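Please look over the chain below with its confidence, helices and surface in mind.

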Amino acid sequence: QARARVPQTFCQQHPQTRATMAARGNSGALLVALALICGLWMLPSAFIQPQQQHALRGAEQASPAAVAAALSLAAAAPDAAQARLPDEFVAFAPIVDVLPILPIFFLLLAFLWQASVGFR
């Protein structure tokens, strides 16, 4: 009568690997801790140090020419909204008027799509 051979696991066949595998698990945690320490050590060098400033920006007086340019730009701002298209593109003016609204339609389409699939 032959006796059935019971298969052994890998750790039963090689008992020395059990200690090696435990050491490998600790080395992984050690490697993560070492990477974290190196990252924290290098963190201060990732940012540029601010330069010393004696006065606040904008505290100096603006030149009269800069003031005049800013006022003329502010006065012309309402006219900028009424700018005309070049003559070649005047036929497309109705399309150009609708173009800024298109992202809102895409947002509504995304909600419609999610509602159709049950907000999965």
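Confidence differs between elements of this predicted model: helix α1 (residues 10-13) has the lowest mean pLDDT of the elements, 63, whereas α5 has the highest, 93, pLDDT being the predictor's confidence in each residue, from 0 to 100. Across the protein chain the average pLDDT is 76, and 63% of the residues score at least 70.

**Basis**
- Local features need pLDDT of at least 70, and side-chain atom pairs count only at pLDDT 80 or more, while totals for chains, interfaces and linings use all residues.
- Residues are numbered from 1 along each chain as its sequence is written, and side-chain values use heavy atoms, leaving out hydrogens and water.

**Helices**
- The protein chain has five helices and zero strands, where helices (H or I, at least four residues) and strands (E, at least two) are DSSP runs numbered from the N terminus.
- Helix α5 (residues 102-116) has 15 residues, which at 1.5 Å a residue should span 21 Å, and its end C-alpha atoms are 21 Å apart, in agreement; the expected span is 1.5 Å times one less than the number of residues.

**Burial**
- Of the 120 residues, 1% count as buried, meaning under 20% relative accessible area with a 1.4 Å probe, protein chains only.

Conventions:
Buried means under 20% relative accessible area, exposed over 50%, partly exposed in between (1.4 Å probe, protein chains only).
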